[in-house]
Amino acid sequence: MIALNGETISIVLFFVGVYGLIARRNIIKSIMSISIIQVAIILYFICTNAVPGSVPPIGDVVQTQQVADPLPQALMITDIVIGIGVTAAGLTLFIHLYHRFGSTNWQKVMKKRNRHD
Amino acid sequence: MISLHWLILSPLIIGTAAKLMPIKTAKKIMVLFQTALLAVVTMIFVEVRQNGPLLENIGSWPNTIGITLRADLLATALVFLSCFLFLAMIIFVHNKNYADHLFFFLFLGLESLIIGIFLSNDLFNIFVLIEAATLIITILIMYKQSTVAVYDGMMYFLINVVAMSFFLMGLGMLYKKIGVLDFYALEAALRQVNNPASLILPYAFMITAVSLKAALMPLFSWLPKAHGTPSAPSVVSAVLSGLYVKTGIYIFLRLQTAFSPLIDTSEFFVILGFITAIVGFILALAQTDIKLLLAYSTVSQIGVIMIGISLNNPTAYWGGLYHLMNHAIFKSTLFLTAGMIISEYKTRKISEIHGVYSHMPAVGVATILSILGIIGAPLFNGSISKFLIAAGASGSWIESGLILINLGTIIVFMKYGQLLFGHSGKKEAANSDILEKAVVLALSMLCFLGGIFGSDLIAILFKINLSINPLSDGEKMLLFVGSILLGLLIYRSLFKKRNPLAFIRSFELGFNEICLSITLFFAFMVVYLKITL
C-alpha cells in the first residue's frame, strides 16, 4: 500500500500534467498542463524531508523547536515566480499565435504554418 | 582581480544602460565593452590556468550552502569562447537596421545568461538561468514577428519549459536523497552512496531534460525549427547553433562527471551520439532550405561531440571538447554567411542560389573555409578534433562509424557547396557591409588557424599535451581523399538531379508528439537503468 502523502500526490499530479501535454491538442490546455506540473513540483519540494510538527524557518525560532528545512522553501519561492512568468509568457505568445493562425489546435496551427513556409 | 559575478552582471547592466543613449553611440560603446570584457576574461583565463580554479561564494556564505560560481579551466575556456563570439556578432550587426535598443538588451542579456550557465556551480541556479535564457531566446527567434516565427518561437518556448520541469523534478528527488545542490558537493556526496538504484529516478529525470537541451536523437526536433527559422536574424541563429546548444552539452558533461561513480551510461550515450549523428546528416540531406540544412547539420555534429565526450578515453574527450569549440566557430560562420546570402538573393532555397563565389567573393571564401573546417579537411580545425576522437576510439566499431559520419557530412556540404558555383544571374556586384565581410572572413580564418596550431591551442585551452601532426598521417589523408571521391560519386549519382530523401520532410512532429517522445525517452532511461544496474 502506497502511503497517501504529499510526495505520492505530487508525483501523480506531475504525470497528470504530462498526460495533458501528450493527449490534449488544445494549446491552452497544454499551458494549463505545464501549470499543473509546476504545482506538482512545488508540492514535491515542500513535502520532501518535511517533519510533522516542525515550525517554519521565519524570524527568531526557539532553539528547542524543530525547524523545517529552509532551502526547498527558498527555492520554491523562486520557482513560483518563474512559473507565473512562464504561464504569462505562454499565454501572451498564445494570443499572438491565435491572431496569426486563428486556431487553438496544435495540429491545425502546424498545418497552417507549413503552408506559410 | 575582478570578481566572477561581474562577468555575469556587466553585460546586463550595459545592455540596460544602452537604452539611455542614442543607438549609434550605444553600438560603439557595446563594441568597446565587449572588447574590454574579452580582455578581462583573458586575464581570468591566464589566472585560472596558472593558479587553478577560482571559487566565489555569492553572499559570502560558507561553501556548498549559498550560490557558488566556479571558474575552472573548461568553464573559463567556454566563457572566453562566448565572449569572443559575442564580440564578433556585435560587430556583425553594427550596421543592421533591426539592431535597436531592445535587440541589444536581449542579446547582451543572453550573453550574461550563457556566461552564468558556464560559471554556475549550483544546479538550481542553472535551472533559473536556463529558464530565463529560454524566454529571451523565444523573443529573439520571433524578433521580426513573421507568422512562421510565432509558431516556431511558441514551440521552442513550451518544449523547453516542459523539459526544464523534468529537470526540476529530478532536482527535487536528488535533493531529497542527497541534500545538496552544489556540483562539487554532489560529486563528493554521491561517492558515499552505496545503493545506486535509489538514484535512478532523479538521474533519469535530469538526463532527459539535459538530452533535450543538447538535442540528442529522439529529442532534437525542436532544434531545427528554432535555429533555422526563416525570419530570425542570422546572428541569433549563429549564437543559438554555435553557442547556446553547447550549454546543454556542458551541463550533460557536468552531470555525467558527478554521477559517473554510480551510474555509468557512457556506452549508451556513445550509441545515442552515433545515431544522432547519422540521423542528423540524413535529415540535413533532405532539406531544401539553407538555414534548415545548417541546423540539421548542427544535430549531426552534436552527435560527434557526444561520441567524443562519452567514450571514456582522454584523447577522445579532449577531442570532443575541441570539436565543440571548433563547431562554435565554423557553424557561426556558416550561419552568418547564410544570412548574408539570403538577404542578397532574397531566397532560402539552395537550388535557386548560384554563383555566390563570383558574386560575393568574400562570403564565398568564408563559406569555403568553414566548409573545409566542418568536413575535417587536413590542415583545418575539424580534422584535428575528428582525428582525436577517432584516435580515442581506435579499434572499436566507432572508428569506422566516424568515417561514415564524416562521409555523410561531406555529402551534405557538397550539396550546400553547390550554391557557390554557376552564374548568379546578377549584373551589379553585391554591396554587402564591410564589417560583415570582415567578421565572417576573420572567423573563417580561425578555422584554418585552429587546424595549423591545433595541438598548441589545445595545450593552451585545456592544459593538456596531445601530439598531433595532421600531415604526417598519410593514412588519414588517403582516407579523407577517398571519402571526398566517394562522397562526390554518391552525390552525383543520387542527389544531383533529384532528392530521394525528400519524403522525410513531410514527417514533422507536433507539440504533443514531442512531449510523448520526451516521456518515452524518460521511461526508456528508467527501464534501461533498472536493467543495467
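Chain B has an accessible surface of about 18800 Å², and 66% of that belongs to carbon and sulfur atoms (areas come from the Shrake-Rupley method with a 1.4 Å probe). What you're looking at is a predicted model, where local features need pLDDT of at least 70 and side-chain atom pairs count only at pLDDT 80 or more. Residues are numbered from 1 along each chain as its sequence is written, and chains are lettered from A.

**Chain B overall**
- Chain B has 21 helices and two strands (DSSP runs: H or I of at least four residues for helices, E of at least two for strands).
- Its radius of gyration is 22 Å, close to the 24 Å from the globule rule for 533 residues, so chain B is as compact as a globular protein of that length (the radius is taken over C-alpha atoms, and the rule is 2.2 Å times the number of residues to the power 0.38).
- Of the 533 residues in chain B, 63% count as buried, meaning under 20% relative accessible area (1.4 Å probe, protein chains only).

**Helix 2 of chain A**
- This helix covers residues 27-47, and its 21 residues should span 30 Å at 1.5 Å a residue, which agrees with end C-alpha atoms 30 Å apart (the expected span is 1.5 Å times one less than the number of residues).
- Its buried residues include A:Ile27, A:Ile34, A:Tyr44 and A:Phe45.
- The buried residues of helix 2 pack against helices 1, 3 and 4 of chain A, plus helices 6 and 21 of chain B (contact means heavy atoms within 4.5 Å).

- At the start, a side-chain oxygen of A:Asn26 comes within 2.9 Å of the backbone nitrogen of A:Ile28.
- Just after the helix, A:Asn49 takes a positive phi of about 55 degrees.

How values were computed:
Side-chain values use heavy atoms; hydrogens and water are left out. Buried means under 20% relative accessible area, exposed over 50%, partly exposed in between (1.4 Å probe, protein chains only). A polar contact is a pair of N or O atoms within 3.5 Å; within protein, one must be able to donate a hydrogen and the other to accept it, and residues adjacent in sequence count only if both atoms are side-chain atoms.
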